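Here is a short report on helix packing, aromatic pairs and the nonpolar core. Please look over the sequence and the structure first.

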Amino acid sequence: MFKRIQSLFVRVRNNNFFEGFVLTVILISALNVGINTYDNIPKYYTEIFEYLDYSITIFFLIEIIIRMVAENSLRKFFSSGWNVFDFVIVSASLIPTSYFESVLVLRLIRLFRILRLISIFPQFRVLIEALVKSIPRVGYVILFMFINFYIFAALGSIFFEEVDPLHWGN
């Protein structure tokens, strides 16, 4: 019985329509977060957007469960950093809103759902992975820039000290 459900979930997970639908829900979630930043929304529409937010949360929960069951094991699922990333975002959106005194924190948690676009598009994944790999080299670039700025600041201090002592005096 479990193998039948798992094979069904594998087909659902690999279906292009399902991926497109997940993408659409992520974009609707982003629009919902943006709309909720306005203060003068009538109460009727606010309730609609709250139900929409609950529906989106439930959909993401179902989607992550489908992806977890579609894997052969939970260990394999959590061995992918992108799956862990999605799982954390979905889990954070399950935190009840009554725990927050600040609406800002709630909006930030909802906003993190948009980051799931990174795990949907392989091009975003490649870009983020390249960015993470380049972080150590950025430190060298910053050090090089500091050395250049220091040299030119010292030269400016030497050459322009008498012209403008307020700015170039030391």
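**Helix packing**

The model is predicted. Two helix pairs are described here, and both involve H3.

Take H2 and H3 to begin with. Their axes come within 10 Å and cross at roughly 145°. The crossing is left-handed. On the H2 side, the contact is made by Phe 18, Phe 21, Val 22, Val 25, Ile 26, Ile 28, Ser 29, Asn 32 and Ile 35. On the H3 side, Phe 49, Leu 52, Asp 53, Ile 56, Phe 59, Phe 60, Glu 63 and Ile 66 take part. By class, this contact of H2 with H3 has 13 nonpolar, two polar and two charged residues.

Now H3 with H5. Helix H3 spans residues 43–70 and helix H5 spans residues 81–93. They pack at an angle of about 145°, with axes 10 Å apart. H3 passes H5 in a left-handed crossing. H3 contributes Thr 57, Phe 60, Leu 61, Ile 64, Arg 67 and Met 68 to the contact. H5 contributes Asn 83, Asp 86, Phe 87, Val 90 and Ser 93. The residues of this contact of H3 with H5 divide into six nonpolar, three polar and two charged.

Phe 60 is listed in the contact of H2 with H3, and Phe 60 is also listed in the contact of H3 with H5.

**The nonpolar core**

Which residues have the most contacts inside the largest nonpolar core? They are Phe 59 and Phe 60, in a core of 16 residues. Helix H2, residues 16–35, supplies at least two residues of this core, and so does H3. H3 gives the most, with eight residues.

Leaving out residues up to four places away in sequence, Phe 60 touches Val 25, Ile 26, Val 90, Arg 113 and Arg 116.

**Aromatic rings**

How many aromatic pairs does a search of the whole structure find? The search finds nine. The rings of Phe 78 and Phe 87 have centres 5.1 Å apart and planes at 90°, so this pair is edge-to-face. Phe 78 counts as partly exposed because its relative accessibility is 31%, between the limits of 20% and 50%. Phe 87 is partly exposed too, at 30% relative accessibility. Phe 87 is also one of the H5 residues in the contact with H3.

There is an aromatic cluster as well. Phe 17, Phe 18, Phe 21, Phe 59 and Phe 60 form it.

**Single residues**

Phe 9 lies in helix H1, residues 2–14. Not counting residues up to four places away in sequence, Phe 9 touches Ile 66, Val 69 and Ala 70.

Leu 111 is in helix H6, residues 103–111. Leu 111 counts as partly exposed, at 40% relative accessibility.

Ala 154 belongs to helix H8, residues 122–160. With a relative accessible area of 34%, Ala 154 is partly exposed.

Is Gly 81 buried or exposed? Gly 81, found in helix H5, counts as exposed because its relative accessibility is 52%, and the limit for exposed is over 50%.

| Residue pair | Separation in sequence | C-alpha to C-alpha distance |
|---|---|---|
| Phe 9 and Glu 63 | 54 residues | 9.7 Å |
| Leu 111 and Lys 76 | 35 residues | 28 Å |
| Ala 154 and Trp 168 | 14 residues | 9.0 Å |
| Gly 81 and Tyr 44 | 37 residues | 40 Å |

Terms used: Residues numbered from 1 in each chain as written. Predicted model: local features only at pLDDT ≥ 70, side-chain atom pairs only at ≥ 80, totals over all residues. Heavy atoms only, no water. Phe/Tyr/Trp six-rings, centres within 6.5 Å; stacked < 30°, edge-to-face > 60°. Buried < 20%, exposed > 50% of the residue type's maximum accessible area, 1.4 Å probe, protein only. Axes fitted to C-alpha atoms, helices over the stretch in contact; angles between N-to-C directions. Helix = DSSP H or I, 4+ residues; strand = E, 2+ residues; numbered from the N terminus. Left-handed = near helix turned anticlockwise from the far one by under 90°. Contact = heavy atoms within 4.5 Å. Nonpolar A, V, L, I, M, F, W, Y, C, P; charged D, E, K, R; others polar. Core = buried A, V, L, I, M, F, W, Y, C linked by side-chain atoms within 4.5 Å.
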